[in-house]
Amino acid sequence: LAWGVGGGSESLYDAGSMVKSLSSAKFPGKSAKHSWLIEFYAPWCGQCQKLTPTWEKMPQALKGVAKVGAVNCDDEANADLCAKEGVQSYPTIKFVKAGGRGTEEFAETPSVKSLHAFALEHLPSEVVNLRTSTHLEDFKAGPLAKATSGCAAILLTDKFETSPLYMSLSAHYYPALAFGEARASNTKLGSILGVSSFPTLVLLCGEEITTYDGELKSEPLEEFLGKASKKKRR
């Protein structure tokens, strides 16, 4: 992907786009609660123009998992940012992990499928896998004891892998909340936590258990976990 020629700094993404236009003043740093998939581009770059329809689809493809942004490196106000990020050709695509956990650069041919896979591969997670009652007690003594809210979310699921949404939520609310997961319909841990159907999410604050009764989707989960994260340890 090479440099092009030309000029002008008209953005490829207007104010109505779901792609967030980022800048030196608005760029995810160490305190970022979300991970970001970011394109560094120049408006005159033919490859960037060709990528635009695909990039416009990424916010929906990564909804609840990661934010999607773009930086116009042809704008002089962003020159220092693009230099700091080591941008030498357009488009350059990077995945910036939540909470300053690092940055990864995309090196494949961009498509919705390849970009989605790239984001999921590098998604940070604070989820602890719980398989036995001993694991649960260790979780209480470790991650739960360190959570600033004094609470932990525990998902009891019939799945065998952690969902991207749950991974994203765990990074978002760390270190306020601890996150655990019991997979594959773990009935033994289910009985300890008062759960008989899967999937079920519970909030454990000390020894107090609250069962979440909403949908397992990003918006209602963020509302529920957001309130829990603001609790203060007793």
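The model is predicted; local features need pLDDT of at least 70, side-chain atom pairs count only at pLDDT 80 or more, and totals for chains, interfaces and linings use all residues. Residues are numbered from 1 along each chain as its sequence is written, and side-chain values use heavy atoms, with hydrogens and water left out.

**Strand E8**

Strand E8 spans residues 177-182. Helices (H or I, at least four residues) and strands (E, at least two) are DSSP runs, numbered from the N terminus. Of the 6 residues in E8, 6 are buried. Buried means under 20% relative accessible area, exposed means over 50%, and partly exposed lies in between (1.4 Å probe, protein chains only). Leu177, Phe179 and Glu181 point one way from E8. Ala178, Gly180 and Ala182 point the other way. Both sets are buried.

**Its partners**

Two strands pair if DSSP finds at least two bridges between them. E8 pairs with E6 (residues 127-129) in the parallel sense, over 3 bridges. Here Val127 has Phe179 of E8 as its bridge partner. E8 also pairs with E7 (residues 151-156), again in the parallel sense, over 6 bridges. On this side, Leu156 has Ala182 as its bridge partner in E8. From E7 the chain crosses through helix H5 (residues 164-173) to E8, in a right-handed β-α-β crossover. Right-handed means that, with the strands pointing away from the viewer, the path from the first strand over the helix to the second runs clockwise.

**Aromatic pairs**

The whole structure holds 7 aromatic pairs. Rings of Phe, Tyr and Trp (its six-membered ring) pair if their centres lie within 6.5 Å; planes under 30 degrees apart count as stacked, over 60 as edge-to-face and the rest as tilted. Two of the pairs are set out here.

| Pair | Centre to centre | Angle between planes | Type |
|---|---|---|---|
| Phe95 and Phe118 | 6.3 Å | 80 degrees | edge-to-face |
| Tyr166 and Phe179 | 5.5 Å | 70 degrees | edge-to-face |

Phe95 lies in strand E4 (residues 92-96) and Phe118 in helix H3 (residues 112-121), so their pair ties together parts 23 residues apart in sequence. Both Phe95 and Phe118 are buried. Ring pairs also link Phe95, Phe106 and Phe118 into a cluster.

The other pair brings the text back to E8. Tyr166 sits in helix H5 and Phe179 in strand E8, 13 residues apart. Tyr166 has a relative accessible area of 4%, so Tyr166 is buried. Phe179 is buried too, at 1% relative accessibility.
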